[in-house]
Amino acid sequence: MQKEIFRALALAGALVTTPALAQDLTISITNLTHGSYFTPLLVAAHAGGNHFFQLGTSASTNLQAMAEGGDISGLSTDMSAVNADLVENPVGGLLAPGATTTFDLTNSATNDHLSLAAMVLPTNDGFVGVDSLSIPTTPGTYHYNLNAYDAGTEANDEVINGAGAPGAAGVPADPGSHNGTGATGVTTSETNTHVHIHRGVLGDSDQSGGVSDLDSSVHRWLNPVASLVITVN
Amino acid sequence: MDMLKTATLALIVTGPLLLTGCDHNDDDDNDTTARVSYELKVTNLTAAQPLSPLAVVVHDSSYGMWSVGSSASNGLEQLSEGGDNTELLSEAADNSVVTMSGGGVIAPGQSESLIIEADETSDLALSFATMLVNTNDAFTGLNAIDVSGMAAGSSRQLLIRAYDAGTEANSEQASTVPGPAAGGEGYNPTRDDRDSVGGHPGVVTHDDGLSGSALNESHRFDNPVAQVTITRMQ
């Protein structure tokens with residue numbers, strides 16, 4: 001009898017506290033670039049005080065892995081450790097220029113901030129992201145412009161050589177296949193080693209040499225590089 | 001009766017302002033002017049554009065640091081071309097509450113925080129400017145942001161863009177760019193650009209084909225160029 005009461009109380013507690021304050025969010029992300037792709041997105045609702053990244057500070061090794069190679073597993077583990085509500089890879093691959101992905105995210109009451117990130121391809125360590133946005137509580141539709149950031153962990157040499165591992169120089173690939181080959185490299189140094197606004201890629205118009213394997217008339221962008229729409233249902 | 005009506009109407013209209021002004025309206029006998037203080041934190045988000053020492057002004061509605069489409073003041077020109085905030089702060093001191101200089105250059109990726117105090121008024125605003133030093137006359141900052149309605153302990157975070165003072169042609173020649181990329185001349189009183197403030201188009205650099213440019217691709221920037229956090233301390 002006593003046991004049953006405890007069970008009933010526990011059940012009631014679970015029903016009352018969690019769903020009563022949880023939110024159902026519908027989230028859309030659109031790639032606004034001309035010729036750059038977003039690698040698998042990681043989207044997290046989490047408590048305030050947690051971050052994927054913070055502007056003006058050094059990137060974590062897990063942010064570096066995402067920014068240099070598109071690997072979100074480390075960031076996902078970080079966020080799971082703080083009981084975040086996660087959506088991983090809603091596109092099931094790359095988000096192409098001009099494409100939109102729409103998905104649902106149910107966040108618990110304490111997970112009232114939203115962060116997201118994905119690498120911008122082709123870059124060395126560029127990413128699109130949101131750092132700990134306070135999720136609106138009033139039902140409605142909210143629009144945000146997102147910027148491209150530089151993780152500050154790798155020189156922007158713009159040489160496509162397949163390198164995506166943290167610390168390895170080079171750009172993994174150009175999914176749109178507009179790249180050249182044989183570039184000598186734009187630079188060998190990173191002047192700002194903290195997370196900052198990406199200055200954009202340089203590119204060139206030489207398909208078989210030059211300083212960059214990127215195409216200056218295809219791969220450049222201006223902020224904002226993505227739009228985020230959050231609908232609080 | 002009519003007076004009461006008017007008073008009620010005024011209360012409705014000025015409701016948000018009264019929240020901050022109530023210190024002055026109480027009936028006690030120690031009506032000393034309330035003081036407010038704000039922490040201003042500026043983070044340099046560019047790749048390779050050091051920011052010159054900040055010129056910070058807390059002021060009333062009679063002052064503005066610049067106006068897009070209008071000619072830059074002499075002080076703004078000196079700051080934007082040479083990174084020298086002296087004249088801009090001096091101009092502001094004529095009609096402003098408080099002026100303050102930043103402590104030094106803010107390197108890419110670095111931040112500076114400073115605290116500025118003022119007498120509380122109902123139209124208190126904050127402005128600041130700082131040069132992107134590896135340019136001819138680019139600056140960033142805030143122009144007359146209303147901070148009077150901020151509650152003690154509250155914060156506002158803003159991302160801010162680059163402006164062109166419009167007072168010097170963007171030749172990018174070494175002789176005209178004062179920052180570490182070139183070490184050229186800073187302020188020159190000749191105005192050889194359009195002579196009005198506007199959004200900055202960005203730098204071209206010699207890596208992108210501008211012959212004679214002292215800048216390389218690392219000096220390029222996209223907006224926003226800095227993150228600003230304003231916190232009302234008291």
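Modeller: Let us begin with a definition: a residue is buried if 20 or more other C-beta atoms lie within 10 Å of its own, exposed if 12 or fewer, and partly exposed in between. We shall apply this to a predicted model.

Biologist: Where in chain B does B:Asn223 lie, and which residues does B:Asn223 contact, leaving aside its neighbours within four places in sequence?

Modeller: B:Asn223 belongs to the loop that connects strand E9 (198–199) with strand E10 (226–232) of chain B. Apart from those sequence neighbours, its contacts are B:Arg161, B:Ala162 and, in the other chain, A:Asn223. Sequence distance and spatial distance may also be set side by side: B:Asn223 and B:Ala129 are separated by 94 residues in sequence and by 16 Å in space, C-alpha to C-alpha.

Biologist: How many residues does each chain bring to the contact between chain A and chain B?

Modeller: In general, the size of an interface is often given as the accessible area lost when the parts come together. Here we have residue counts: chain A and chain B each supply 19 residues to the contact. On the side of chain A that touches chain B, 12 residues are polar, 5 nonpolar and 2 charged. For the complex, the predictor reports an ipTM of 0.87 and a pTM of 0.87.

Biologist: What is the mean pLDDT of chain B, and over which residues of chain B is the pLDDT below 50?

Modeller: The mean pLDDT of chain B is 88, with 86% of its residues at 70 or more. Residues 1–29 of chain B, however, have a pLDDT below 50, and this stretch makes 10 contacts in the model beyond near neighbours in sequence. The general rule is that where pLDDT is low, the predicted coordinates should not be read in detail.

Biologist: In what order do the elements of chain B run from the N terminus on?

Modeller: Chain B has 4 helices and 10 strands, in the order α-α-β-β-α-α-β-β-β-β-β-β-β-β. Of its 234 residues, 45% count as buried. Among the contacts in chain B with a separation of 6 or more, 74% join residues 24 or more positions apart.

Biologist: How many residues of helix H2 (residues 61–69) of chain A are buried, and against which elements do they pack?

Modeller: An α-helix has 3.6 residues a turn, so residues three or four places apart point the same way. H2(A) is mostly covered, with 7 of its 9 residues buried; among them are A:Leu63, A:Ala65 and A:Met66. The buried residues pack against helix H3 (73–81), strand E6 (113–121) and strand E7 (126–134) of chain A. The axes of H2(A) and H3(A) are 7 Å apart, at an angle of about 145°. The residues of this contact comprise 4 nonpolar, 3 polar and 1 charged. Just after H2(A), A:Gly70 has a positive phi of about 80°.

Biologist: How many residues lie between E6(A) and E7(A) in their hairpin?

Modeller: The hairpin has 4 residues between E6(A) and E7(A), and 6 bridges join these antiparallel strands. A:His113 has A:Ser134 in E7(A) as its bridge partner. E7(A) also pairs antiparallel with strand E9 (residues 148–150) of chain A, over 3 bridges, and there A:Phe127 stands opposite A:Tyr149.

Notes:
Residues numbered from 1 in each chain as written. Chains lettered and ligands numbered in written order. Predicted model: local features only at pLDDT ≥ 70, side-chain atom pairs only at ≥ 80, totals over all residues. Helix = DSSP H or I, 4+ residues; strand = E, 2+ residues; numbered from the N terminus. Contact = placed C-beta atoms within 7 Å. pLDDT = per-residue confidence, 0-100. Axes fitted to C-alpha atoms, helices over the stretch in contact; angles between N-to-C directions. Nonpolar A, V, L, I, M, F, W, Y, C, P; charged D, E, K, R; others polar. Pairing = 2+ DSSP bridges.
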